[in-house]
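This report describes selected features of a single protein model. Please keep the sequence and the structure in view while reading.

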Amino acid sequence: MSPDTTWSIGELAEHAGATVKTVRYYSDRGLLPEAGRSGGGHRRYGPEALDRLRLIRSLRTLDLPVPEVGRVLDREDALEDVIAGQLREVGSQLAALRWREAALHVIQDCTPGERAERLRLIGAVPAPPSTAVFARFWRCWLPPRLPARLVSAILERAVPQPPADPAPAQVLAFARLHAFVSGPCFSTDRCQAAVHRADTGYRPAVLYEGLVEAFATAAPDLLAMRPPGEGEALDCFVDAHARACGMRDTPDFRRQLSGRLAGEPRIDHYWQLVAELTDPSQPTPGASHDWLHAALDHQLTQEAA
């Protein structure tokens, strides 16, 4: 084909192995520039149209939307961004399919008597699964007026993310956790722990700043599966409670603190379900708190012996 030769829409379609309808579709959307019009007003296409049409069809086989194809044709450097966006979208779709597959196994692998309850639990979780309800739970649970950066740090550790490739047991635990925090008592400040209320004398921001540090310090001991005991993590934990209520870390304060650290059944149940969802190599704040509480009790027992 000489540079001066032009094709009709039918000839271009034939050379490209496409239909006339396809060529017209892309031409109407400005993706295939015309070389001109015939005397009868019919479209004519130059030699560059064939390569451009082949490129369009290649991009479309990757399932790129037509607007994204247009971006790539207009800007050579747009292809990398477009492909990256498509990869993210495909990854999200695959994650949703894996979640759906595991959810189907949750329903399949149970007794007839369990099926209705499991259907109710699974059906209440949005698809794809969202963690918004967990964030709302913590915003209700935490004391008011904590610094925004502290709330963000707490939520980052406390809100479990849906596993990318979940086992059926993890999907069921996620659904149970979702149902648990969606209850009416977690939609108001009635869900607050007693220690968070203003009349307790605690300075919540001081307490939670210290707990974040204490949990991070205790993490290596938990990962190494060391038994609870004295050390920097315990000292940091006790100091956080002491400073939060305007007291010093003394033996008497430690004895008082041990008595005050009774478990909160609601938050304990939350952490039990979270532990079923998360990587065992990443201890939850609940596991860290239990370890530090046990370390305090162990120290007091040793001193009393």
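## Ala-205 and its surroundings

Setting aside neighbours within four places in sequence, Ala-205 is in contact with Leu-146, Pro-147 and Leu-150, where contact means heavy atoms within 4.5 Å. Ala-205 itself belongs to helix H10; helices (H or I, at least four residues) and strands (E, at least two) are DSSP runs, numbered from the N terminus. Its relative accessible area is 27%, so Ala-205 is partly exposed. Here buried means under 20% relative accessible area, exposed means over 50%, and partly exposed lies in between, with a 1.4 Å probe and protein chains only. Between Ala-205 and Leu-155 there are 50 residues of separation in sequence and 14 Å in space, taken from C-alpha to C-alpha.

The model is predicted: local features need pLDDT of at least 70 and side-chain atom pairs count only at pLDDT 80 or more, while totals for chains, interfaces and linings use all residues. Residues are numbered from 1 along each chain as its sequence is written, and side-chain values use heavy atoms, with hydrogens and water left out.

## A buried histidine

Is His-241 buried or exposed? With a relative accessible area of 6%, His-241 is buried. This residue is placed in helix H11, which covers residues 232-244. Apart from neighbours within four places in sequence, His-241 is in contact with Tyr-202, Leu-207, Leu-211, Phe-253, Leu-257 and Leu-261.

## The second largest pocket

The second largest pocket holds about 300 Å³ of space. On a 1 Å grid over the protein atoms alone, a cavity is a set of points where a 1.4 Å probe fits but cannot get out, whereas a pocket is an open set with protein on both sides within 12 Å along at least five of seven lines; lining residues have an atom within 4 Å of a point. Grid points are joined across faces, edges and corners, and a volume is the space filled by probe spheres set on the points.

The second largest pocket is lined by 18 residues, and those closest to its centre are Glu-156, Arg-157, Thr-278, Gln-282 and Pro-283. Two or more lining residues come from each of helix H8 (148-158), helix H10 (204-223) and helix H13 (265-277). Sorted by class, the lining has eleven nonpolar, four polar and three charged residues. In this scheme Ala, Val, Leu, Ile, Met, Phe, Trp, Tyr, Cys and Pro count as nonpolar, Asp, Glu, Lys and Arg as charged, and the others, Gly among them, as polar.

## Aromatic pairs

How many aromatic pairs does the structure hold? There are nine aromatic pairs. Rings of Phe, Tyr and Trp (its six-membered ring) pair if their centres lie within 6.5 Å; planes under 30 degrees apart count as stacked, over 60 as edge-to-face and the rest as tilted. The ring centres of Tyr-25 and Tyr-26 are 5.4 Å apart and their planes stand at 70°, so this pair is edge-to-face. Tyr-25 is partly exposed at 34% relative accessible area, whereas Tyr-26 is buried at 8%.

Phe-137 and Trp-138 also form an edge-to-face pair, with 5.3 Å from centre to centre and 75° between the planes. Phe-137 counts as buried at 1% relative accessibility, and Trp-138 counts as buried at 5%. Ring pairs join Phe-137, Trp-138, Trp-141, Tyr-270 and Trp-271 into a cluster.

## Salt bridges

The structure has twelve salt bridges, each defined as a side-chain nitrogen of Lys or Arg within 4 Å of a carboxyl oxygen of Asp or Glu. In helix H6 (residues 112-123), Arg-120 and Glu-117 lie three residues apart, about one turn of the helix. These two residues form a salt bridge whose closest N and O atoms are 2.6 Å apart. Arg-120 is partly exposed at 49% relative accessible area, and Glu-117 is partly exposed at 40%.

Elsewhere, salt bridges with shared partners join Asp-28, Glu-34, Arg-37 and Arg-43 into one network. Asp-28 and Arg-43 meet through their side chains at 2.7 Å, N to O. Arg-43 is buried at 18% relative accessible area, while Asp-28 is partly exposed at 48% and Glu-34 is partly exposed at 33%.
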